[in-house]
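Q: I have a structure open and have not looked at it before. Can you walk me through it?

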Amino acid sequence: MSRFFGSITSEQRWTDQFNEHFIIYIDNHASIFRVPKNVCDTKPEAYAPRQIGLGAYHHFRPDLDEMERRKLEAVKKFLKPEQCQNFKSLIVDKVKVLEPSVRTCYSKYLDIDGGTLAWIMSIDGVYLLHRLSTYTDKGNVDSEDRKLA
């Protein structure tokens with residue numbers, strides 16, 4: 001018998017998530033969509049990030065591992081040392097509370113643990129703050145990561 005979900009664990013997690021946050025799923029509208037495979041196959045380079053992946057859909061791609069390391073370096077540079085040491089309690093734990101709302105932004109079920117999703121969103125969010133902070137008043141970018149910026 002073929003299962004819709006990859007495992008009983010993912011099925012149970014989905015069921016628990018649905019039951020716990022039923023109203024949120026009805027009231028919110030997805031805004032992060034995965035491009036259908038048949039569309040991606042026609043021109044994959046147009047739909048897949050080549051330098052940086054943000055969010056849950058692109059986080060675990062091996063070809064973007066180097067950029068994941070660079071994102072972590074940028075987060076460490078952007079935050080004060082005590083903020084880095086307390087990253088989980090200062091940011092990740094607060095983002096985890098938003099998990100139901102974050103999940104409703106995605107058009108497909110994310111088979112990712114809530115804690116992992118919170119870490120992904122936290123790191124990517126602080127990374128984006130770092131990138132935005134590199135812009136000068138005139139709209140130029142600092143020399144660091146000029147190509148990426």
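A: One term to begin with: a residue is called buried when its relative accessible area is under 20%. By that cut-off I123, at 13% relative accessibility, counts as buried. Keep in mind that this is a predicted model.

Q: Where is I123?
A: I123 is in helix α9.

Q: And what is I123 in contact with, leaving aside neighbours within four places in sequence?
A: L72, V75 and F87.

Q: Stepping back, how many helices and strands does the chain have?
A: The secondary structure comes to 9 helices and 0 strands. Read from the N terminus, the elements are α-α-α-α-α-α-α-α-α.

Q: What share of the residues is buried?
A: Of the chain's 149 residues, 30% count as buried.

Q: And how much of the contacts comes from residues 24 or more positions apart?
A: Such residues make up 58% of the contacts in the chain that have a separation of 6 or more.

Q: Back to α9. At what angle do α5 and α9 pack?
A: The angle is about 70°, and the axes are 9 Å apart. The two helices are therefore roughly perpendicular to each other.

Q: Is that crossing left-handed or right-handed?
A: α5 passes α9 in a left-handed crossing.

Q: Which residues make the contact?
A: From α5 they are M67, K71, L72, A74, V75 and F78. From α9 they are I123, D124, V126, Y127, L129, H130 and S133. By kind, the residues of this contact divide into 9 nonpolar, 2 polar and 2 charged.

Q: Tell me about F78. Which residues does F78 touch?
A: Not counting residues up to four places away in sequence, F78 touches V126, L129, H130 and S133. F78 belongs to helix α5 and is partly exposed, at 34% relative accessibility. Between F78 and S133 the C-alpha distance is 8.8 Å, while in sequence they are 55 residues apart.

Q: What about K77, buried or exposed?
A: K77 is exposed, with a relative accessible area of 53%. This residue also lies in helix α5.

Q: Now α7. Where do α7 and α9 stand relative to each other?
A: Helix α7 covers residues 87-97 and helix α9 covers residues 114-133. Their axes come within 8 Å and cross at roughly 115°. That makes α7 roughly perpendicular to α9.

Q: Left-handed or right-handed?
A: The crossing of α7 and α9 is right-handed.

Q: What makes the contact there?
A: On the α7 side, F87, K88, I91, V92, V95 and K96. On the α9 side, G114, G115, A118, W119, M121, S122, I123 and V126. These residues of the α7 and α9 contact divide into 9 nonpolar, 3 polar and 2 charged.

Q: Changing topic: how many aromatic pairs does the structure hold?
A: The structure holds 2 aromatic pairs. One of them is formed by Y57 and Y106, with ring centres 5.0 Å apart and planes at 80°, so this pair is edge-to-face.

Q: Where do Y57 and Y106 sit?
A: Y57 is in the loop between α4 (44-47) and α5 (65-78), and Y106 is in the loop between α8 (99-104) and α9. The pair links distant parts of the chain, 49 residues apart.

Q: Are those two buried or exposed?
A: Y57 is buried, with a relative accessible area of 14%. Y106 is buried too, with 7%.

Q: What about the rings of F87 and W119?
A: Their centres are 5.6 Å apart and their planes are at 35°, so the pair is tilted. F87 lies in helix α7 and W119 in helix α9, so the pair ties together parts that are 32 residues apart in sequence.

Q: And how accessible are F87 and W119?
A: F87 counts as buried, at 7% relative accessibility. W119 is partly exposed, with a relative accessible area of 35%.

Technical notes:
Residues are numbered from 1 along each chain as its sequence is written. This is a predicted model: local features need pLDDT of at least 70, side-chain atom pairs count only at pLDDT 80 or more; totals for chains, interfaces and linings use all residues. Side-chain values use heavy atoms; hydrogens and water are left out. Axes are lines fitted to C-alpha atoms, for helices over the stretch in contact, and angles run from 0 to 180 degrees between N-to-C directions. Helices (H or I, at least four residues) and strands (E, at least two) are DSSP runs, numbered from the N terminus. Angles under 35 degrees count as roughly parallel, over 145 as roughly antiparallel, 65 to 115 as roughly perpendicular and the rest as oblique. A crossing is left-handed if the near helix is turned anticlockwise from the far one by less than a right angle, and right-handed if clockwise. Contact means heavy atoms within 4.5 Å. Ala, Val, Leu, Ile, Met, Phe, Trp, Tyr, Cys and Pro count as nonpolar, Asp, Glu, Lys and Arg as charged, and the others, Gly among them, as polar. Rings of Phe, Tyr and Trp (its six-membered ring) pair if their centres lie within 6.5 Å; planes under 30 degrees apart count as stacked, over 60 as edge-to-face and the rest as tilted. Buried means under 20% relative accessible area, exposed over 50%, partly exposed in between (1.4 Å probe, protein chains only).
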